[in-house]
2 protein chains.
Amino acid sequence: MSLLVVGSVAFDAIETPFGKTDKILGGAGTFIALTSSYFVRPVNVVSVVGNDFRTADIDMMKSYGIDTTGLQIKADGKTFFWSGKYHNDMNSRDTLITELNVLGDFDPIIPAEYNDCQYLMLGNLSPDVQRLVIERLPNRPKLIAMDTMNFWMDIAMDSLVQTISMVDALIINDGEARQLTGEYALIKAARKILAMGPKTVVIKKGEHGALLFQGEEVFFVPALLLEEVFDPTGAGDTFAGGFMSYIAKTDNPSFENMKQAVIYGSAMASFCVEKFGVEGLLGLEQSQIEERYAAFRKLVAL
Amino acid sequence: MSLLVVGSVAFDAIETPFGKTDKILGGAGTFIALTSSYFVRPVNVVSVVGNDFRTADIDMMKSYGIDTTGLQIKADGKTFFWSGKYHNDMNSRDTLITELNVLGDFDPIIPAEYNDCQYLMLGNLSPDVQRLVIERLPNRPKLIAMDTMNFWMDIAMDSLVQTISMVDALIINDGEARQLTGEYALIKAARKILAMGPKTVVIKKGEHGALLFQGEEVFFVPALLLEEVFDPTGAGDTFAGGFMSYIAKTDNPSFENMKQAVIYGSAMASFCVEKFGVEGLLGLEQSQIEERYAAFRKLVAL
């Protein structure tokens, strides 16, 4: 079923203990869309890039069934650029550079042919922009999910809370859930978020797995035990992409099916962190994804 | 089947964000033995206390089927005392006081009636003392498991490595596994520990669950989502006690049965942290333990 992804398409420069990159393709929208391409095609994308964006990257995205009609290319601006450095344990990072560029005044224009959107994934963006997308869609999608980050809690909490109240599912990490609710225990944090509006909350715990909450129900998916985490950039976006696109593919937003979706989200994230940038998400075979799904199940199977 | 627990019986004074205690009953041996009493009785204990130890505590332990024949009471010394303070997130703590007292020159004398020991759980103690216990047993138990801590890695690494090479199962936490092996990725750390001798490694990740390794096999048990972690003291010992005594009860040290054992260990640890000291381990009904076991399974059930 039709999936619309709204999120940044960007350049990242990344340094990890394993090496460093120049400006490579990145951005939440890119990770979400590429991941989603393994479950549904086309993947419709609304985003914005600048005059420095590469044709080769657009061609690559198109080759993965990503529809770029909604990707605005601004002749008078540069692409959003983020640079970061990971510490030795890969669990913390320093942001070295953030240049918003064309993302600073992003107006999310939705092409008419995306109006039938049934599944909407709002990647981490200003909550004002996220809300605008919801308001601009002529019909309510079957499921709207959003990601966000601590930055918006610091500078735009009221707007963020308003946007959260309008979505069906919030997907955030553990630190953000704690900051958003003031609760350390994740079961309490989840309950407070559910009371803010969303029927579903997914809390990502990085190398410690992810939790899915709905009403009083909880489901947990561990993280795979990887030999090397090469670059964690985009893992959370990849998780969200796998989650949402699996639901779109199966056209089934039930809690039971969301359990499967968080496993697929985790499986895709495990590919993501094995290489720099989006590289781990390229050229995967369906059989590799199914093998990894099976590995997740085996980890907890009696 | 007969279970022997060797570990400290001590006094703890604990401060958490929820309150503080005077000297209360603690010690790895105490937590392990009380937990084990829900699975096998009698629980044989080899330990040492001083002249300040309370008859009421010994009586309580006896009432839980703990055989205290091997509990030496030193008239000329005081009981091992530890005092610690937990930080707000309960994941880190400061040790305020460590008084080894009678534990400083502990000679683990094994009563003749414990000689038939089939399952041996060595709680965190000097690796010299742990090794002495193994050497003093006339027959090799079916399964020997040991816990340890970073302290022994700092001051007695050679002795520790020697003791580890003599046991069947090492049960340690994630930070200790990393320190012991110099590997950050737990799958690599586990592999290195397996190469040191033990056939089985259990890595405890606190609020993030626990991992069971044997050969190329891995099993993961999540931690329950508790509303409050009141006092984490003894949770790791309780986990080890539940793990080992479940195996002793079922008299089955196979990998498949160890999977069940780590779930029971986690279930018991979840009771432990809900109250101060050993309080959470007192007066449990078998049905409560089974309910919690079921909650663990539900968390990952499709």
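B:Cys117 is buried, at a relative accessible area of 4%, where buried means under 20% relative accessible area, exposed over 50% and partly exposed in between (1.4 Å probe, protein chains only). A:Cys272 counts as buried too, at 0% relative accessibility. A disulfide is a covalent bond between the sulfur atoms of two cysteines. Here the structure holds zero of them over all chains, going by a cut-off of cysteine sulfur atoms within 2.5 Å.

This is a predicted model, in which local features need pLDDT of at least 70 and side-chain atom pairs count only at pLDDT 80 or more, while totals for chains, interfaces and linings use all residues. Residues are numbered from 1 along each chain as its sequence is written, chains are lettered from A and ligands numbered from 1 in the order in which they are written, and side-chain values use heavy atoms, with hydrogens and water left out.

**How the two copies sit**

**The interface**

- Each side brings its share to the contact: 34 residues from chain A and 34 residues from chain B.
- About 2,800 Å² is buried between chain A and chain B, 53% of it on carbon and sulfur atoms; that is the accessible area (1.4 Å probe) lost by the two parts on being put together, summed over both.
- On the chain A side, A:Leu225, A:Glu227 and A:Leu302 lose the most area to chain B, together 24% of what that side buries.
- Eight salt bridges run between chain A and chain B, each a side-chain nitrogen of Lys or Arg within 4 Å of a carboxyl oxygen of Asp or Glu.
- A:Lys298 and B:Glu217 meet through their side chains in a salt bridge, at 3.2 Å from N to O.

- Helices (H or I, at least four residues) and strands (E, at least two) are DSSP runs, numbered from the N terminus.
- In a regular strand the side chains alternate between the two faces of the sheet.
- β1 (residues 3–6) of chain B is covered on both faces, with B:Leu3 and B:Val5 buried on one side and B:Leu4 and B:Val6 on the other.
- Four bridges join β1(B) to the parallel strand β5 (residues 43–49) of chain B, where pairing takes at least two DSSP bridges between the strands.
- B:Val5 has B:Val45 as its bridge partner in β5(B).
- β10 (residues 119–122) of chain B also runs parallel to β1(B), with four bridges joining them, and B:Tyr119 in β10(B) is the bridge partner of B:Leu3.

**Helix α6 of chain B**

- Six of the eight residues of α6 (residues 174–181) of chain B are buried, among them B:Ala177 and B:Leu180.
- The cover over those buried residues includes α4 (150–155), α5 (157–164), β12 (169–173), α7 (186–195) and β13 (200–204) of chain B.

- A:Arg41 and A:Pro42 are joined by a cis peptide bond, with omega about 0°.
- The peptide bond from B:Arg41 to B:Pro42 is cis as well, with omega near 0°, and B:Pro42 is in the loop between α1 (28–36) and β5 of chain B.
- A:Asp251 is not a glycine, yet has a positive phi of about 50°; at 28% relative accessibility A:Asp251 counts as partly exposed.

Conventions:
Contact = heavy atoms within 4.5 Å.
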